[in-house]
Amino acid sequence: QSNHEQFCDAGTKIPSSKLLIKGGTVVNAHHQQIADVYVEDSIIVAVNSNIRVGDDVTIIDAAGKYVMPGGIDPHSHLDFDVVFTTTVDDFFSGQAAALAGGTTMHIDFVIPLNGSLTAGFEDYQKKAKKSCMDYGFHMVITKWDETVSREMELIVKEKGINSFKFFMAYKEALMINDELLLEGFKKCKSLGALAMVHAENGDAVYEGQKKMIELGITGPEGHALSRPAVLEGEATARAIRLADFVNTPLYVVHVMSIEAMEEIAKARKSGQRVIGEPIASGLALDESWLWHPDFETAAKYVMSPPIRKRGHDKALQAALSTGILQLVGTDHCAFNSTQKARGIDDFRKIPNGVNGIEERMHLVWDTMVESGQISVTDYVRLTSTECARIFNIYPRKGAILPGSDADIIILNPNSSFEISAKSHHSRLDTNVYEGRRGKGKIEVTIAGGRVVWENNELKVARGTGRYIKMAPFSYVFDGLEKKDAIYLNSLEAPVNRSKNNSSKISDFLFKSNFNI
Ligand SMILES: NC(=O)NCCC(=O)O
Ligand SMILES: [Zn+2]
Ligand SMILES: [Zn+2]
């Protein structure tokens, strides 16, 4: 029996209560102050000094501790079916683990079902029925036709999804080509939905994999060797340029390398709206594990893009601290050692993915705050607020403000954490951070006004998590039409010069769906 099953009070309805969190340092992305936080019926009612309450209110002492918005993980894969198996963490165990680590909301990726986005959405709604924390969805686009285009509209306008992900890798599975990417980007733009990319050159990766097998390199190190950082850099650059061509914002998921990060830096410097998401494993690990002689140990680090050589981790940390990268995810995608063993003779068959949903908040605190690279307010921005802003759910989420959802963590900076598969709450039998210790311990997690994690004990119940709808046109779209207008103006002179062609040009502009 795994740890989460031991701790969880599954099936029990935990009543939400009135809470007063007393005397902590309340941290938002914009400000921190010593204050009390009063919660009633799952909502933060007041943030003030010396709030007085009646006897019916549970008081939590937070003196000397940080009171912060619960983490929001923008990137997870729970109950994710790959060709031959399914991740061990579903919407209950994965979320229980997340709550034990201070994350109170995640955004998961819906995979279309038999090519249908709506069927995929319904499938994930079913999977998520057992949720014990709030969640939202991104939608993956795997093919292109009129139906997909129409369904994207429905998904945004009726189902509450405001982002679409395109895989530039995983040839013969999820991978799409540039033509589809362009169509998808244009549609995203017209809907005010954020285009996201898994950026690796899938054709080149395929070649690289074949080469490794021909050379007789069949172990997990072949995974790293077959998909070097240059292929991540190339795809990141290509996606960025195509998004620029269409003039739509772009979100690059799991930025793992200096090559990809530098493309994002260059684009942002030139004024393009590109968001870069490093993940916990990219910030805290290096690829040396993939060379471990024991297959089981090495295989647990196989994910795509691969965890890179030492140096990439530090560069990604620096990029995060200087604003080149904006928020931290996990790409939690948990396969156990039996599932990973499928690739014992061929690294291409090892299911890709590592854990992180439970560890992210501690790792970012230890790696970034304890090292002095970022402030505590930055910590809140990178782990919670920025995600809420990008996906248009701020300040309901990502803030400790009157009216916000009562998703709150209390972190003791003088305590410490230790990570182990023996004590974690995921169903995984391994942990890529095994044995890691650090400063800062999330002692309390409050989700939807309920204390779900306290004294190292989880109290969660299936069905208490809510689906959070996300509206289109978040702040990343603000003023974008002005760039379109400038582009249109720049075409005026050539249009006038070639009067004969003018009808053709306006026809092109009309059809191009550039919103101009
Ligand atoms: N990252 C990974 O290896 N697995 C999950 C799917 C994806 O995000 O590419
Ligand atoms: Zn990916
Ligand atoms: Zn992923």
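Trainee: Where is the place of phenylalanine 84?

Mentor: Phenylalanine 84 sits in the loop between E6 and H2. Helices (H or I, at least four residues) and strands (E, at least two) are DSSP runs, numbered from the N terminus. One caution: this is a predicted model, where local features need pLDDT of at least 70, side-chain atom pairs count only at pLDDT 80 or more, and totals for chains, interfaces and linings use all residues. Residues are numbered from 1 along each chain as its sequence is written, while chains are lettered from A and ligands numbered from 1 in the order in which they are written.

Trainee: Why does phenylalanine 84 count as exposed?

Mentor: Count the C-beta atoms, which are placed from the backbone. A residue is buried if 20 or more other C-beta atoms lie within 10 Å of its own, exposed if 12 or fewer, and partly exposed in between. Phenylalanine 84 has 9 such neighbours inside 10 Å, so the label is exposed.

Trainee: With which residues is phenylalanine 109 in contact, leaving aside its neighbours within four places in sequence?

Mentor: They are His77, His138, Val140 and Lys165. Contact needs C-beta atoms, placed from the backbone, within 7 Å.

Trainee: Why does lysine 165 count as buried?

Mentor: Lysine 165 has 22 C-beta neighbours inside 10 Å, so it counts as buried. Its place is in strand E9 (residues 163–167). Leaving aside neighbours within four places in sequence, its contacts are Phe109, His138, Val140, Met196, His198 and Val253. UniProt, in an unreviewed entry, annotates Lys165 as "modified residue: N6-carboxylysine". UniProt positions follow the numbering used here, feature names are shortened, and annotations may be inferred rather than shown by experiment.

Trainee: What makes helix H2 (residues 93–100) mostly covered?

Mentor: Eight of its eight residues are buried. Among them are Ser93, Gln95 and Leu99. Just after H2, glycine 102 takes a positive phi of about 90°.

Trainee: How do you know that E7 and E8 pair?

Mentor: Two strands pair if DSSP finds at least two bridges between them. E7 and E8 have six, in the parallel sense. In E8, tyrosine 135 is the bridge partner of histidine 106. Strand E8 (residues 134–141) is itself mostly covered, with seven of its eight residues buried.

Trainee: Which order do the strands of the open sheet have?

Mentor: Seven strands run in the order E6-E7-E8-E9-E10-E11-E12, with parallel pairing. Strand E6 (71–76) and strand E12 (274–276) are edge strands: each pairs on one side only. Neighbouring strands are turned by 25° against each other on average, direction ignored. Such angles run from 0 to 180 degrees between N-to-C directions, and the axes are lines fitted to C-alpha atoms, for helices over the stretch in contact.

Trainee: What lies across E10, E11 and E12?

Mentor: Helix H8 (residues 229–246), running at about 170° to E11. Three bridges join strand E10 (residues 194–198) to strand E11 (residues 250–252). In E11, alanine 195 has leucine 250 as its bridge partner.

Trainee: Why is strand E15 (residues 450–454) called largely enclosed?

Mentor: Four of its five residues are buried, so the rest of the structure largely encloses it. Four bridges join antiparallel E15 and strand E14 (residues 437–447). They form a hairpin with two residues between them, and glycine 448 in the turn has a positive phi of about 55°. Two bridges also join E15 to strand E16 (residues 457–458), again antiparallel. In that hairpin, asparagine 455 takes a positive phi near 50°.

Trainee: Which residues are around ligand 1?

Mentor: His77, His198, Met303, Ser304, Asp331, Cys333, Asn352 and Gly353. Each counts as near if its C-beta atom, placed from the backbone, lies within 6 Å.

Trainee: How do the residues of that shell divide?

Mentor: Two are nonpolar, five polar and one charged. Ala, Val, Leu, Ile, Met, Phe, Trp, Tyr, Cys and Pro count as nonpolar, Asp, Glu, Lys and Arg as charged, and the others, Gly among them, as polar.

Definitions and conventions:
Contact = placed C-beta atoms within 7 Å.
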